[in-house]
Amino acid sequence: MSLDLIYKGFLNVVYIFAVYIVFSGILGKAKYNKIITFFSYLFFYLVLTYIYLFLNNQILSFTCNILGFFALSFLYESNLSKKIFTTFFVLSSFIVIETLFMYLISNSYLARFSADFISLLFSFCVSYFMRKKNRDFIPKKYYRYITIFNVFNIAIIMLILLYFLQQKEKNYFFPLIIFILLIMNIIFYIVFNDMIGSFEREQNLSNIKNQYDLIKAQTDNIHQSTLELKKLEHDLKNKLTPIAYLVKEEKLDELNEYFNNILEDFSKLSVFKESGILELDGILNSKYKLGKSLGIEFESYISISDQLTIDCMDLAVIMGNLLDNAIEAASKVSYKWIKFSIKEVRGVLFLSVENSFDGFLKIKNNEISTRKNDKSNHGYGLKSVKAIVEKYDGDLDITYNHSSFKVRIILYDIY
Amino acid sequence: MKVAICDDDVAVCDIIEDILCAYSKKNNVFIDVCQFYKVESLIQSIEDGNSFNLIYQDIEFPNMTGIDFGEFLRVRTEDFFTDVVFISGANSYDRQLFSFQPLYFISKPFNNDEIIKSLELSLKKLDNNSRIFTYKKSGKTVFVPLNEIMFFESISREILIQTISTKDLFYESLNNLEQSLNNSSFLRVHNSYIVNTRFIKSINKSVIILENDFEISISRKYKDNILEFVEGII
C-alpha cells in the first residue's frame, strides 16, 4: 500500500472524528449503544474513504457526505428540523474550510492536512459552545433560518466551484470569495449568538416570574390563614358562652348541632389535609382554590414528613405544574374531578395527580405536546417536571384512557 | 378481629369504638375493641401476652408518645404483622413514623370514612393470613403459610423459597409460580425474584431491602409492578 493512500486514509479518520465531535456537541447523547454508534461511523468512514481514494469523484463524494451526515443524525435523539439543520450546518462549515485551504495552499497534502485539523478544531469549538450554554430551549424557527442560510452557503460554493473548474488558469478570485463567505458566516453566527442570548434571558425572566408566583401564593396562603385564625380566635369567646347555657339546661340535641357547626367551620379553614411543608401547601391551596372556582371536585391523600432532603421548591414546582395541567384538562369536561396524592412509603416519595379529561392528546416526537395555541410560550410544564424527576433520578409514569389521565412519580433517596 | 385504640382523649376512643361497632353489626364481622389511654398501658398489655390485629394509635401524649409505641412494636418486639394506624392532630409527620410502616395516617378531626377505610384494609390483609402455599419436593408435598414466605428466587431450573426461619429448593419455573400465586402480596420485581411485599422495608432505584436486610435486585422491566405497589399502599 502506498504511503499516499495511508496518509489520505489517516486524514479521513481525523475528518470523521471531527464529524463525530460536532454531531455529539449539537445533538447530544447517542440513542443507541456505543457499539452501534462506532460501527455506523466506521461504515461511513469506509464508504467515504473508498470514494475518495479510488473513485476520486467530487460529486459522488459530496453526495456521500450529505447522505452520510443525514443518516448519522438518526443515531441521535432529536426532532427532524434539528437533524436537517445539523446536516447542512456541518456540511457547509466543512466545505467552506476545505475549499478555502485547497485554494490557499498549493500543496494538496498540506492543504488537506490543514483543512482536516482546522475542521477538528472547529468541531471542538462548536461542541464546547453548545455544551457550555446548554442550548436546549431554542425555538425551532431559529434552526430553520440557519439551515436555509447554510444551504445557500453550500449553493454559492458549488456554483462558484462549477464555474471556476472550467477556467484553465489559476485564479485568486475564488479563494477571495470563499474568504468573504467565511467572514459573513462568522458575523452571522455572532449575531445569532446574541439573539439566543436575549432569548435565554427572556426564559430566565419567565422562570424567575414563576418562582415569584410560587412565593406569592405561599405568602397569600399564610396571610389568609392568619386572618381566618384571628377571626376564629375572636369568635371563640362568643361561641363558648352558649355552650355553658346548653349544658346547664341539658339540651343535648341543640348542643350536638351546635358542635357540628363549629367543627364545620374548622374544616373550612384548611381546605384539605395540608402537608405541613410551607412552600408545598402554598401552591396546593392556590391550585385548589383555582380548581374549585372552575367547578372541579378534589380528593387528596397527603402523608409526608417535613424532614425530607428533597428541595420543597422542587416539590412545589412538580405539584404546581401537574395540577395546572390537571385543572386545564378537567375544566374542559362535564364531570370535573382531580385526585392527587403525596405520600411517603417504604423509603420512597410517591406523587400522583389524576384527573378527568376528554381523551384527546397531542403527541409529537413521542412526547406529549401542548394543545394551547401559543406554542412557543406553553408546553413547558411537563418538561420542567421531567427535568426535576431526572435530577433526582426518579421515575415518571403517564397513563390514560378515554376519560382519565394520570401522572405518577416516584422519587428515591429522600433522606 | 382484635382492635386496640390508644388515645389520651376518651372521647376519641369512644368515637372510634362506635364506628367499629356499627361496622361490625352491619357487615357481620366480629370485632373486639380495647381502649387504652396511655401508651404505657398498651405496651403493658402486649407484654402480658395480648395481641391485636389492628391498633389505632394517637401520636401526641404527655409522656410516652406514638413514636415510642412504634419503636416498641416494630423495633423491640419486631412485630411487623400488627397493623398500626397513626392518628395525629399535627399537620406534618415525624419521619420516624414512616419507618414503622403504618397502614394508614389519619388526622384529627377525622371522619367515619377514614376509619372504615383503614379497617377494611386491615381486614383484607387478615384474610390473606390463612392462605397456605404448597410445593412438591422429592414426591412429598410441603405446606408453608404464605405469610411466612419472604421471597422466591430462581436459580437455574430450581426455585429457592426463603421463609422467616428456613429456606428450601424445589423444581419449578418462576413464571409458572407467578401465575399460580396470583396473590396481591407477592410482587415480581426481577427475572429471578418474586418478593412478599409484607417484608419490604425500603425501596431503592435498583434494589429492594427486606426486613432482615436482605437485598433483592430490581430490574427496570418490572418497575411498573413496583409503581403499582407503591401507589396501592394506603
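## The interface between chains B and A

About 2600 Å² is buried between chain B and chain A, with carbon and sulfur atoms giving 54% of that area. Buried area is the accessible area (1.4 Å probe) that two parts lose on being put together, summed over both. On the chain B side, B:R95, B:K205 and B:L227 lose the most area to chain A, together 24% of what that side buries. The model is predicted: local features need pLDDT of at least 70, side-chain atom pairs count only at pLDDT 80 or more, and totals for chains, interfaces and linings use all residues. Residues are numbered from 1 along each chain as its sequence is written, chains are lettered from A in the order in which they are written, and side-chain values use heavy atoms, with hydrogens and water left out.

In contact (heavy atoms within 4.5 Å) are 29 residues of chain B and 29 residues of chain A.

## Polar and charged links across the interface

Six salt bridges cross the interface of chain B and chain A. A salt bridge here is a side-chain nitrogen of Lys or Arg within 4 Å of a carboxyl oxygen of Asp or Glu. A:K406 pairs in this way with B:E231, and their closest N and O atoms are 2.8 Å apart.

## Which elements of chain B take part

α4 (95–99), β5 (104–107), β13 (200–203) and α7 (223–232) of chain B each supply at least two residues of the side that touches chain A. Helices (H or I, at least four residues) and strands (E, at least two) are DSSP runs, numbered from the N terminus. α7(B) gives the most to this side, with seven residues.

By class, the side of chain B that touches chain A has 13 nonpolar, seven polar and nine charged residues. Ala, Val, Leu, Ile, Met, Phe, Trp, Tyr, Cys and Pro count as nonpolar, Asp, Glu, Lys and Arg as charged, and the others, Gly among them, as polar.

## The largest cavity

Residues of both chains line the largest cavity, among them A:D395, A:Y412, B:R220 and B:L227. α7(B) supplies the largest share of the lining, four residues. The lining divides into six nonpolar, no polar and five charged residues.

## Backbone exceptions and a helix link

Most residues other than glycine have a negative phi, and most peptide bonds are trans. The bond from B:K108 to B:P109 is cis, with omega near -5 degrees. B:P109 sits in the loop between β5 and α5 (112–129) of chain B. A:D413 has a positive phi, near 50 degrees, and lies in the segment after β7 (404–411) of chain A.

Over all chains, the whole structure holds 18 salt bridges. One of them joins A:E98 and A:R112 (4.0 Å, N to O). A:E98 lies in helix α4 (residues 80–104) of chain A and A:R112 in helix α5 (residues 108–133) of chain A, so the pair ties together parts 14 residues apart in sequence.

How values were computed:
On a 1 Å grid over the protein atoms alone, a cavity is a set of points where a 1.4 Å probe fits but cannot get out, and a pocket is an open set with protein on both sides within 12 Å along at least five of seven lines; lining residues have an atom within 4 Å of a point.
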